[in-house]
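Here are my notes on the model you sent over. Have it open while you read, and start with the aromatic residues.

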Amino acid sequence: MDVKRLKGLLQKEWVLLKWGILVLFIVNVAVVVAVPPLINRAFDLPMNTFENALIISGTWFVFSMFISVSILLTSLEKEMKQPDIWLHSPVPMWQLVGVKAVFAVAVTGLILVLNGVLLSILFIMSDAYGAISRFDGALSMASVMIAIFLKSIYMMGFGFLFWSFYQIGRSRSRRLSIIFTTLFFFAGVFTGSVIAELFRSIELLTTIKGFGSVKLTGLAFYNEHNSNFFTGIVPDGVIFSVGGLILYGALTLIFFAVGAKLFEKKVRL
């Protein structure tokens with residue numbers, strides 16, 4: 001795909017989704033900056049505003065891994081109303097979907113950076129400033145952001161695959177769409193747990209997954225609060241491993257390849 005065509009497709013994505021993305025950015029600013037002091041005042045909490053912001057933002061950071069898949073599926077759903085766009089496009093299906101995925105990943109990255117910057121500003125302005133060095137704080141924040149960003153790409157591929165299955169099933173049984181949607185959801189959750197358990201039970205995969213661990217800092221991630229928000233995402237400060245990138249990267253590519261084939265079949269039904 002040439003640069004001019006890529007630029008045009010990305011601009012089309014922006015036109016298609018710009019209002020939803022702008023709302024998402026406003027919500028992010030509100031969650032990190034405005035909501036914590038309002039909650040503190042409403043419930044007269046003993047913790048200071050920054051601690052409250054840290055808990056709320058930590059939760060929001062975790063949910064950010066679903067932003068990319070939400071943007072991708074929203075874009076696809078919008079254009080499903082005009083199937084001619086897909087049938088008569090000179091661009092291969094995998095490239096059309098790929099551009100949407102790149103756009104979704106870029107938006108997710110920008111939102112994570114925005115949240116990180118806002119939380120850093122709140123930290124500098126709070127009484128907690130000086131409790132840890134700015135360098136360690138920046139590395140901790142970057143570790144969480146990178147880990148969530150990588151996980152969001154995997155979640156996007158996984159979600160796209162099952163969404164493609166859903167589209168084919170819905171086109172064949174419209175009257176049973178509610179039942180099919182429910183089964184689709186539980187099938188996705190079950191398949192995800194099976195894949196996770198497979199990785200844990202097969203020694204070779206476990207060894208590969210743990211090879212080449214990368215961590216930016218040894219600073220504890222919320223261990224003193226017994227919270228799984230950050231420790232589950234950045235266990236022992238490890239952002240990712242080289243082996244994990246290879247395994248999950250291969251799975252993500254497979255998800256997208258199979259999903260694109262199924263989606264192309266749906267479009268041509």
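1. Phe-158 counts as buried because its relative accessibility is 11% (buried is under 20% relative accessible area, exposed over 50%, partly exposed in between, with a 1.4 Å probe and protein chains only). Tyr-154 is buried too, at 16%. Both sit in helix H6, four residues apart, or about one turn of the helix. Helices here are DSSP runs of H or I with at least four residues, strands are runs of E with at least two, and numbering starts at the N terminus.

2. A word on the ground rules: this is a predicted model, where local features need pLDDT of at least 70 and side-chain atom pairs count only at pLDDT 80 or more, while totals for chains, interfaces and linings use all residues. Residues are numbered from 1 along each chain as its sequence is written, and side-chain values use heavy atoms, leaving out hydrogens and water.

3. Back to the rings. The whole structure has seven aromatic pairs, a pair being Phe, Tyr or Trp rings (for Trp, the six-membered one) with centres within 6.5 Å; planes under 30 degrees apart are stacked, over 60 edge-to-face, the rest tilted. Tyr-154 and Phe-158 make a stacked pair, 6.4 Å centre to centre with 15° between the planes. These two also belong to one aromatic cluster with Phe-162, Tyr-248 and Phe-255.

4. What about Phe-160 and Trp-163: how far apart are the ring centres, and at what angle are the planes? The centres are 6.4 Å apart and the planes at 20°, so this pair is stacked. Phe-160 and Trp-163 are three residues apart in helix H6, so about one helical turn separates them. Both are buried.

5. Phe-160 and Trp-163 also turn up among the residues with the most contacts inside the largest nonpolar core, which has 23 residues. (Such a core is a set of buried Ala, Val, Leu, Ile, Met, Phe, Trp, Tyr and Cys residues joined through side-chain atoms within 4.5 Å.) Helices H1, H3, H5, H6 and H10 each supply at least two of its residues, and H5 gives the largest share, eight residues. A second, separate core has 15 residues, including Phe-61, Leu-112, Leu-118 and Ile-233.

6. Have a look at Phe-256. Setting aside residues up to four places away in sequence, Phe-256 touches Leu-72, Val-97, Ala-101, Met-156, Gly-157 and Phe-160, a contact being heavy atoms within 4.5 Å.

7. Leu-119, in H5, is buried because its relative accessible area is 3%; its C-alpha is 7.7 Å from that of Ser-57, 62 residues away in sequence.

8. Finally, the overall picture. The chain has 10 helices and two strands, in the order α-α-α-α-α-α-α-α-β-α-β-α. Of its 269 residues, 39% are buried. Among contacts between residues at least 6 apart in sequence, 80% join residues at least 24 apart.
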